[in-house]
Amino acid sequence: MKMHQESSSGSKVAPHSGRRLPLRVGTRGSPLALRQTDMFLAALREICPALGFAPDAFAPEIISTTGDRVTDRPLAEIGGKGLFAKEIHEALLDGRIDFAVHSLKDLETALPDGIILACTMKREDARDALILADGLGPVNDGDIWSSLPKGARVGTSSVRRQAQLLHARPDLQIGLLRGNVRTRLDAARIGTFDATLLALAGLRRLGFEEEVAAAIDPEAMVPAACQGIVGITVRAADSRLAELLAAIENHEAKAVSKAERALLAALDGSCRTPIGGHARLLPDGNLHLTGLTARPDGSFLLKRSEVANAADAARLGAELGASLRRDSPADIFLD
Ligand SMILES: NCc1[nH]cc(CCC(=O)O)c1CC(=O)O
């Protein structure tokens, strides 16, 4: 079986894509980003055996982003959207990489000209997970927040998590906690905080699930739009590579991410705006979408859900986003 095609210059070419091997894969350098990239490449090798048998088929390129470099301040203080993607987009557009692997929840809804979202992988799990300091718990499933003592210190840098926590428990003390997954888990373990919240998907992918005290129902803590989904970007002009990547698209992830990203786009919040968005396919094939807006201090919180045919995912997200924006205080969307 031919493992790869030979180009006229004799260099190895990825099948169907017309791109010379190795394919250079852009990724952030965090343990989670590297793990997600490995998982994606394994899926790609499975769908394209010719690439699977070529040992030098892929060359990961680690790209440091602004969001990775600046860790001592809230994201809201260091700039707008795309903090975890701008440098990766630049590498794609100037040809240093051939495609990029992202946590879709960190990818801005409006991509730069010339870049497209080529595929989305099966959603791991959208829920947020509660991590408790030693000695706290167990968690009462009927009232997940009862495991947090009065005035408990909760570490997070997510205004979305902060707003929903304070709306439910105004007595909690929210402290800034940034860094990679292990750093944030350790902050709870060593008692810097009584609790923190992280995406279950990241914890599961890194093998830290046993540190989870509870997975939080999406209606009790609406996740970030596209949380749990890995997305792949490529140059729009690389149509054959885009077609190859689209071949491993997960159709449920595509539908739910289309609704959640349309919601996000319609709300057009800033990085200071607490926004939640969660879509799921119902057994009858319809799409159920929940959207949330709030003030960071939880004093205002609006949550709405709508159901529509999955084929109307983008319209469902756009209409729910417009409805939430119309009925929320205008100032929460400002930078
Ligand atoms: N920038 C943080 C970030 N981006 C993606 C994930 C988790 C993985 C995912 O949502 O797919 C995380 C960690 C967290 O929110 O706890």
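Contact here means heavy atoms within 4.5 Å. The legends below describe close-up views of a predicted model.

View 1. Ala187 belongs to helix α6, which spans residues 181-189. Not counting residues up to four places away in sequence, Ala187 touches Leu177, Thr192 and Phe193. With a relative accessible area of 8%, Ala187 falls under the 20% cut-off and is therefore buried. A distance for orientation: 18 Å separates the C-alpha atom of Ala187 from that of Val159, and the two residues are 28 places apart along the chain.

View 2. The shell around the ligand consists of 14 residues, and the closest are Lys105, Asp106, Ala199, Arg205 and Gly228. By class, the shell divides into 4 nonpolar, 5 polar and 5 charged residues. Three elements each supply at least two residues of this shell: α1 (31-47), β10 (195-199) and α7 (200-206).

**View 3. Polar side chains at the ligand.** An N or O atom in the side chain of Lys105 is 2.5 Å from an oxygen atom of the ligand. For Asp106, a polar side-chain atom lies 2.7 Å from a ligand nitrogen atom. The side chain of Arg184 has an N or O atom 3.4 Å from an oxygen atom of the ligand. Of the 400 Å² that the ligand exposes when taken alone, the protein buries 91%.

View 4. Ser103 lies in strand β5, residues 99-103. The side chains of Ser103 and Gln36 are joined by a polar contact of 3.0 Å. Leaving aside neighbours within four places in sequence, the contacts of Ser103 are Gln36 and Ile229. The relative accessible area of Ser103 is 19%; buried means under 20%, so Ser103 is classed as buried.

View 5. Glu87 is placed in helix α4, which covers residues 86-93. Its side chain makes a polar contact of 3.1 Å with the side chain of Arg69. Apart from neighbours within four places in sequence, Glu87 is in contact with Ile63, Ser64, Thr65, Thr66 and Arg69. Glu87 counts as buried because its relative accessibility is 11%, under the 20% cut-off.

View 6. Cys271 is found in the loop that runs between α9 (251-267) and β13 (275-281). At Cys271, UniProt (unreviewed entry) places the feature "modified residue: S-(dipyrrolylmethanemethyl)cysteine". The relative accessibility of Cys271 is 25%, so this residue counts as partly exposed. Asp268 also lies in the loop between α9 and β13. Although Asp268 is not a glycine, its phi is positive, at about 50°. Asp268 has a relative accessible area of 43% and is therefore partly exposed.

**View 7. Cys226 in the loop between β11 and β12.** The loop that holds Cys226 runs between β11 (214-215) and β12 (230-235). Phi of Cys226 is near 70°, a positive value in a residue other than glycine. Cys226 counts as buried, at 1% relative accessibility.

**View 8. The cis peptide bond at Pro138.** The peptide bond from Gly137 to Pro138 is cis, and its omega is near 0°. Pro138 is located in the loop between β7 (128-132) and β8 (153-155).

**View 9. Two spans annotated in UniProt.** The annotation "domain: Porphobilinogen deaminase C-terminal" (unreviewed entry) covers residues 257-324 according to UniProt. In the model, residues 257-324 are 34% helix and 37% strand, and the end C-alpha atoms of the span are 18 Å apart. UniProt also lists residues 234-261 for "coiled-coil region" (unreviewed entry). Residues 234-261 are 68% helix and 7% strand, and their end C-alpha atoms lie 18 Å apart.

Definitions and conventions
Residues numbered from 1 in each chain as written. Predicted model: local features only at pLDDT ≥ 70, side-chain atom pairs only at ≥ 80, totals over all residues. Heavy atoms only, no water. Helix = DSSP H or I, 4+ residues; strand = E, 2+ residues; numbered from the N terminus. Buried < 20%, exposed > 50% of the residue type's maximum accessible area, 1.4 Å probe, protein only. UniProt positions renumbered as here; feature names shortened; annotations may be inferred. Near = heavy atom within 4 Å. Polar contact = N/O pair within 3.5 Å; in protein donor to acceptor, adjacent residues only side chain to side chain. Areas by Shrake-Rupley, 256 points an atom, 1.4 Å probe, with all protein chains shown as cover. Nonpolar A, V, L, I, M, F, W, Y, C, P; charged D, E, K, R; others polar.
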